[in-house]
Amino acid sequence: ILTRNRTEEEGSLTDFLSRLRTHDPPLRRIAGTAIFLNPGKQTTPLALRAEVKHSHIFPEKVVIVSVDSVSISQVEAADRFKVEWLGEGMFKVAYVAIRLGYQEKADVPALLALARKRGLLERNLDLEHASYIISRMHIVPTDAPGMHRWRKALFIFMARNATSPITHFGLPGDRTVMMGSQVGV
């Protein structure tokens, strides 16, 4: 239920990028690199959508990262990264899918540096000063069918006690921003 509702809220990344050229008011470009964590490339990170909608800005370099855990202990080096370029012109973004085995640590900054070292990302991509922006969902109960109210309350309680994404993905606390959005279950 939560995944379906979040997917609806995020919307298509391809559609989002194609509409940026005609955004009203026109978007201001800001210097720097912004790295958004997102479950995949099909949807727009909620934080990126909020930044465009409320601030009317778009970072000079945008990297969208997803981390996929697979059911083997370690992923071969050749299979670790998949990099794609999405969008066009001034609104071209890098999408990086990182595959990790269940025994491997999800240190996103170190993994992105490794991808850059292997030539999968631009050599001049400033990862050392990049901002990491996380979409944080505030889950709220609704009257929608699909789950009993007590189960919704238990699910929300457990979600609030989950590990911080900053810690889980090894992100630098001083360069990480969490932007919230409300999603109902």
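Student: In E4, which residue is the bridge partner of Ser 66?

Tutor: Keep in mind that we're looking at a predicted model here. E2 covers residues 57-69, and E2 pairs with E4 in the parallel sense. E4 itself spans 93-100. Within E4, the residue bridged to Ser 66 is Ala 97.

Student: And how many bridges join E1 to E2?

Tutor: E1 runs over residues 28-37, and one spot to look at is Ala 34, which stands opposite Val 62 in E2. The two strands, E1 and E2, run parallel, and the number of bridges joining them is 8.

Student: Okay, on to charges. Which residue forms a salt bridge with Lys 41 at 2.7 Å?

Tutor: Start from the loop between strand E1 and helix H3, where Lys 41 sits. Its partner is in strand E3, 43 residues apart from Lys 41, so to speak a link between distant parts of the chain. The closest N and O atoms are 2.7 Å apart, and the partner is Glu 84.

Student: Is Glu 84 buried or partly exposed?

Tutor: Buried means under 20% relative accessible area. Lys 41, at 27%, therefore counts as partly exposed. Glu 84 comes in at 19%, so the label for Glu 84 is buried.

Student: Which residue is linked with Lys 41 and Glu 84 in a network of salt bridges?

Tutor: Lys 41 and Glu 84 already form a salt bridge with each other. The network of salt bridges takes in one further name beside that pair: Lys 82.

Student: What is the N to O distance between Glu 122 and Lys 61?

Tutor: Glu 122 is in the loop between helix H4 and strand E5, while Lys 61 is in strand E2, so the pair ties together parts 61 residues apart in sequence. Glu 122 is partly exposed, at 32% relative accessible area. The side chains of the two residues meet in a salt bridge, with an N to O distance of 2.7 Å.

Student: Why does the salt bridge of Glu 104 and Arg 80 tie together separate parts of the chain, and how many residues apart are they?

Tutor: The closest N and O atoms of Glu 104 and Arg 80 are 2.6 Å apart. Glu 104 lies in the loop between strand E4 and H4, and Arg 80 in the loop between E2 and E3, so the pair ties together parts whose separation in sequence is 24 residues.

Student: What is the relative accessible area of Arg 80?

Tutor: The cut-off for buried is under 20%. Arg 80 is buried, because its relative accessible area is 10%.

Technical notes. Residues are numbered from 1 along each chain as its sequence is written. This is a predicted model: local features need pLDDT of at least 70, side-chain atom pairs count only at pLDDT 80 or more; totals for chains, interfaces and linings use all residues. Side-chain values use heavy atoms; hydrogens and water are left out. A salt bridge is a side-chain nitrogen of Lys or Arg within 4 Å of a carboxyl oxygen of Asp or Glu. Helices (H or I, at least four residues) and strands (E, at least two) are DSSP runs, numbered from the N terminus. Buried means under 20% relative accessible area, exposed over 50%, partly exposed in between (1.4 Å probe, protein chains only). Two strands pair if DSSP finds at least two bridges between them.
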